[in-house]
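Please look over the sequence and the structure below before reading on. The report after them is meant to be read with both in view.

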Amino acid sequence: MERVRDFLIAEQPTKDFPSISPEASLQEALARMRDEKVARLRVMENGTCLGVVHRIDLAVHRERSRLAEERQRLGAIAERDDMHKRSDDPAMQRHYDDWYYGVGLRAIDHIKATMRAVGKTEPQRILDLPCGHGRVLRFLKEAFSAAALTACDIDRDGVDFCAAEFGATPVYSVENPADIEIEGEFDLIYCGSLLTHVDRDRWIGFLDLFERLLAPGGILVVTTHGRFMAQSMEAEPPVPDTPSFLSEYRRTGFAYRNYVDQEGYGVSLSSPAWVCALLERWPTLELAMLQERGISQDVYGCFKRPACA
Ligand SMILES: C[S@@+](CC[C@H](N)C(=O)[O-])C[C@H]1O[C@@H](n2cnc3c(N)ncnc32)[C@H](O)[C@@H]1O
């Protein structure tokens, strides 16, 4: 039987997470994390902290044999893909690989959950914005093999890679969503880790764009930084004035700060209540699915109501 010890990452936690023995089974560790509502545990032996074990590693491990087969078909990972971290430590590299593939796999779960909620069948036209270097797009291609894919990002290298590797129609983006030019309409729009990096005006701009590009009956899945990420940011501050950022979020349900030296790009936090209230600006968009911490981010699935419904 596999033990927690096999999934140990030799890092010292910055927070006082609950602990578990290295000899515990994976099931015990996952149950403990579920009960304690945490995503990692300290691994303790004879009063010494050996490191941590991450929920994502254990969860993804359960799907590893399926993934191992699928990875062959999932295409290359670009050298320049910032979402795929590299390490000389094999355990760490396995953690990074699992995280990378896990995000794509979860995206399909969330899309399918939204489709099920509204009784939607296979999408024919899919837009991945922002596509990056195809962390999710490779899974979209695998899951919806008959669909036409469009890959859009401000990072041209990522767009070119997605066109070459996954056969997607390339679209170069620009900063202001009002100026983004995309032809046609889509049955599915996936927007992973973009609203997490822009201010409220850009949220509105992107949601306007998505609402316009969605075909009636189409679905939109977006990810956001919610309560779980706010908690993690206490331990790992993403911006210099994190305390004021967090207190603004707690007061108003939303906060945004630029990254150092990056005007217009940074980190946002948005509570489910704030996001749901904002969504009411688009009467045609109905919330069909919400999963807090669906990845480490919250995930919202919306449905564009057909005019006659
Ligand atoms: C955190 S990455 C996520 C990429 C991809 N969704 C994934 O999960 O791998 C954020 C992406 O947003 C892109 N981006 C930032 N501003 C953008 C804009 N105005 N239009 C399109 N993409 C943008 C960045 O280039 C980057 O690839």
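## Overall form

The model described here is predicted. Its chain contains 10 helices and 12 strands, and its C-alpha atoms fill a box of roughly 65 × 45 × 40 Å when the box is taken along the principal axes. A compact globule of 309 residues would have a radius of gyration near 19 Å, and because the chain has 20 Å, the two values agree.

Buried residues account for 36% of the 309 residues in the chain. When contacts with a separation of 6 or more are considered, 59% of them are made by residues 24 or more positions apart.

## Two domains

The chain is divided into domain 1, which covers 4–62, and domain 2, which covers 97–304. The centres of the two domains, taken over C-alpha atoms, are separated by 30 Å. Contact between them involves 5 residues of domain 1 and 5 residues of domain 2, and on the domain 1 side the touching residues are 2 nonpolar, 1 polar and 2 charged.

Y96 is found in helix α4, which spans residues 90–118. Once residues up to four places away in sequence are set aside, Y96 touches H84, K85, R86 and S87. Y96 counts as partly exposed because it has 16 C-beta neighbours inside 10 Å, whereas a buried residue needs 20 or more and an exposed one has 12 or fewer. Although Y96 and L285 belong to one chain, they are 189 residues apart along it, and their C-alpha atoms are separated by 35 Å.

In soluble globular proteins, nonpolar side chains tend to be buried together. In this model the largest nonpolar core has 52 residues, and those with the most contacts inside it are I189, Y190, C191 and F210. A second, separate core has 10 residues, including F7, V43, V52 and V53.

F210 is placed in helix α7, and it is buried because 22 other C-beta atoms lie within 10 Å. Outside its sequence neighbours up to four places away, F210 touches I189, C191 and L220. The C-alpha atoms of F210 and L188 are 9.8 Å apart in space, while the two residues are 22 residues apart in sequence.

## The ligand shell

Which residues come nearest to the ligand? Of the 15 residues around the ligand, these are P130, G132, R135, S173 and S193.

P130 is found in the loop between β4 (125–128) and α5 (137–143), and a cis peptide bond joins L129 to P130, with omega about 5°. S193 is in the loop between β7 (186–191) and α7 (200–213), where its phi is near 60°, a positive value in a residue other than glycine. Most residues other than glycine have a negative phi, and most peptide bonds are trans. S193 is partly exposed, since 18 other C-beta atoms lie within 10 Å of its own.

## Other loop residues

N46 also has a positive phi, about 50°, although it is not a glycine. N46 is found in the loop between β2 (40–45) and β3 (48–54), and it counts as exposed because it has 5 C-beta neighbours inside 10 Å.

D199 lies in the loop between β7 and α7. Like other residues in the intermediate class, D199 is partly exposed because 18 other C-beta atoms lie within 10 Å. D199 touches Y256 and S268, not counting residues up to four places away in sequence. By contrast, the C-alpha atoms of D199 and R3 are separated by 43 Å, and these two residues are 196 residues apart along the chain.

Terms used. Residues numbered from 1 in each chain as written. Predicted model: local features only at pLDDT ≥ 70, side-chain atom pairs only at ≥ 80, totals over all residues. Helix = DSSP H or I, 4+ residues; strand = E, 2+ residues; numbered from the N terminus. Rg over C-alpha atoms; globule rule 2.2 N^0.38 Å. Contact = placed C-beta atoms within 7 Å. Near = placed C-beta within 6 Å. Core = buried A, V, L, I, M, F, W, Y, C linked by C-beta atoms within 7 Å. Domains from an automatic or database assignment. Nonpolar A, V, L, I, M, F, W, Y, C, P; charged D, E, K, R; others polar.
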